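Have the coordinates open as you read.

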Amino acid sequence: MSTHASDPLAALGSLPGVADAVDSVRKAVDRVYGHRVMRRRSNEISSEAALRGARGSAALAGADWALEEVRRRSDFSADPEARTVGAALRLGAEAGQLLSIWRQSPLRVLARLHLVAAGDPGASVGRPRLDGETVDEPLIEAPVPTPAEVAGRLDGLAELIVAGGDAPALVTAAVVHGELLALRPFTSYNGLVARAAERIALIGSGLDPKAICPAEVGHAEQGRAAYVSAFEGYLSGTPEGVGAWIAHCGRSVELGVRESTAVCEALQRGAA
């Protein structure tokens with residue numbers, strides 16, 4: 001992600017397809033927030049969105065469990081898939097606790113997210129990787145940047161978040177997500193952390209303050225191949241590629257909205 005504009009994130013709003021994606025997402029979010037069930041049962045919708053978002057994020061990381069299995073299980077330490085699902089659930093629960101820190105110190109939030117995902121205070125946990133440390137990321141096969149490049153780009157990303165600006169929430173969230181996938185700053189769980197950070201950016205921006213629009217659901221629904229293809233567009237750095245990634249993230253938010261709308265309808269019917 002590179003641009004010479006004074007507000008780089010805002011400048012991305014002019015990329016192909018981005019304005020339409022931003023507008024479509026805004027309308028979808030407004031519709032679900034206007035649902036009559038939201039007026040009295042928004043906490044239930046938020047909890048269900050966190051659960052379904054965690055399931056979707058874990059699915060992209062290779063642990064594609066049925067929702068009811070995720071809901072039923074209590075032990076997430078038995079095998080790698082279970083640990084992935086457990087990590088995604090912990091991140092979903094933690095995201096809302098970090099909003100007050102995000103705009104002041106996003107790097108602290110990212111470190112905390114990795115610690116929460118890993119679930120143990122190992123030597124490489126909660127900090128960017130060092131020279132010689134390998135990355136375990138099951139989905140993204142692009143070349144891994146050096147630790148020095150990671151440090152510089154993380155600092156740049158943090159500066160953009162702290163500075164704020166006029167960029168639409170979708171654009172900021174998509175760039176946060178894309179940069180973290182590109183950098184893979186930690187030795188493990190980078191995809192889960194990137195998607196959790198996207199969630200925090202959407203919530204903290206005010207687009208989705210009640211956390212009821214789980215983009216992770218939409219990323220999973222569009223499939224791993226589409227996710228990787230869209231990310232490769234971001235990685236290319238071309239206007240078309242970055243625009244397509246942002247639009248893909250927008251479609252994911254819309255699919256998350258559709259999921260929560262279905263939950264609202266089920267609650268209204270008394271079926272959930």
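## α9 against α10

Helices α9 and α10 cross in a right-handed way. This is a predicted model, and in it α9 covers residues 169–183 while α10 covers residues 190–204. Their axes come within 8 Å and cross at roughly 165 degrees, so α9 ends up roughly antiparallel to α10; the cut-off for that label is anything over 145 degrees.

Who does the touching? On the α9 side you'll find Ala169, Leu170, Ala173, Val176, His177, Leu180 and Leu181. From α10 come Gly191, Val193, Ala194, Arg195, Ala197, Glu198, Ala201 and Leu202. Sorted by class, the contact between α9 and α10 has 11 nonpolar, two polar and two charged residues.

Most residues other than glycine have a negative phi. Look for tyrosine 189 in the loop between α9 and α10.

Alanine 211 is another non-glycine residue with a positive phi, here about 55 degrees. Alanine 211 sits in the loop between α10 and α11. Is alanine 211 buried or exposed? Its relative accessibility is 14%, so alanine 211 counts as buried.

## α2 alongside α13

Now for another helix pair: α2 (residues 18–33) and α13 (residues 239–269) have axes that come within 9 Å and cross at roughly 15 degrees. The two helices are therefore roughly parallel to each other, since that label takes angles under 35 degrees. The crossing of α2 and α13 is left-handed.

In α2, the residues in the contact are Val18, Ala21, Ser24, Val25, Ala28, Val29 and Val32. They meet Gly243, Ile246, Ala247, Gly250, Val253, Glu254, Val257, Ser260 and Thr261 in α13. By class, that contact of α2 with α13 has 10 nonpolar, five polar and one charged residues.

Leucine 15 lies in the loop between α1 (8–11) and α2. With a relative accessibility of 16%, leucine 15 counts as buried, because the cut-off is under 20%. Setting aside neighbours within four places in sequence, leucine 15 is in contact with Pro239, Val242 and Gly243. Gly243 also turns up in the contact of α13 with α2.

## Aromatic pairs

How many aromatic pairs does the structure hold? There are four. Tryptophan 65 and phenylalanine 76 make a stacked pair, with 6.4 Å centre to centre and 25 degrees between the planes. Tryptophan 65 is in the loop between α3 (38–60) and α4 (67–72), and phenylalanine 76 is in the loop between α4 and α5 (80–95), 11 residues apart. Both tryptophan 65 and phenylalanine 76 are buried.

Tyrosine 234 and tryptophan 245 form a tilted pair: 6.2 Å centre to centre, 55 degrees between the planes. Here tyrosine 234 belongs to helix α12 (residues 224–236) and tryptophan 245 to helix α13, again with the partners 11 residues apart. Tyrosine 234 and tryptophan 245 are both buried. Ring pairs also link Tyr227, Phe231, Tyr234 and Trp245 into a cluster.

Isoleucine 45, in helix α3, is buried, with a relative accessible area of 0%. What does isoleucine 45 contact, leaving aside neighbours within four places in sequence? The list is Val37, Met38, Ile212, Ser260, Val263, Cys264 and Leu267. Isoleucine 45 and valine 263 are 218 residues apart in sequence and 7.0 Å apart in space, C-alpha to C-alpha.

Glutamate 216 is found in helix α11 (residues 215–222). This residue is buried too, with a relative accessible area of 6%. Not counting residues up to four places away in sequence, glutamate 216 touches Gly53, Gly56, Ser57, Arg195 and Arg199. Arg195 is also one of the α10 residues in the contact with α9.

How values were computed. Residues numbered from 1 in each chain as written. Predicted model: local features only at pLDDT ≥ 70, side-chain atom pairs only at ≥ 80, totals over all residues. Heavy atoms only, no water. Axes fitted to C-alpha atoms, helices over the stretch in contact; angles between N-to-C directions. Helix = DSSP H or I, 4+ residues; strand = E, 2+ residues; numbered from the N terminus. Parallel < 35°, antiparallel > 145°, perpendicular 65-115°, else oblique. Left-handed = near helix turned anticlockwise from the far one by under 90°. Contact = heavy atoms within 4.5 Å. Nonpolar A, V, L, I, M, F, W, Y, C, P; charged D, E, K, R; others polar. Phe/Tyr/Trp six-rings, centres within 6.5 Å; stacked < 30°, edge-to-face > 60°. Buried < 20%, exposed > 50% of the residue type's maximum accessible area, 1.4 Å probe, protein only.
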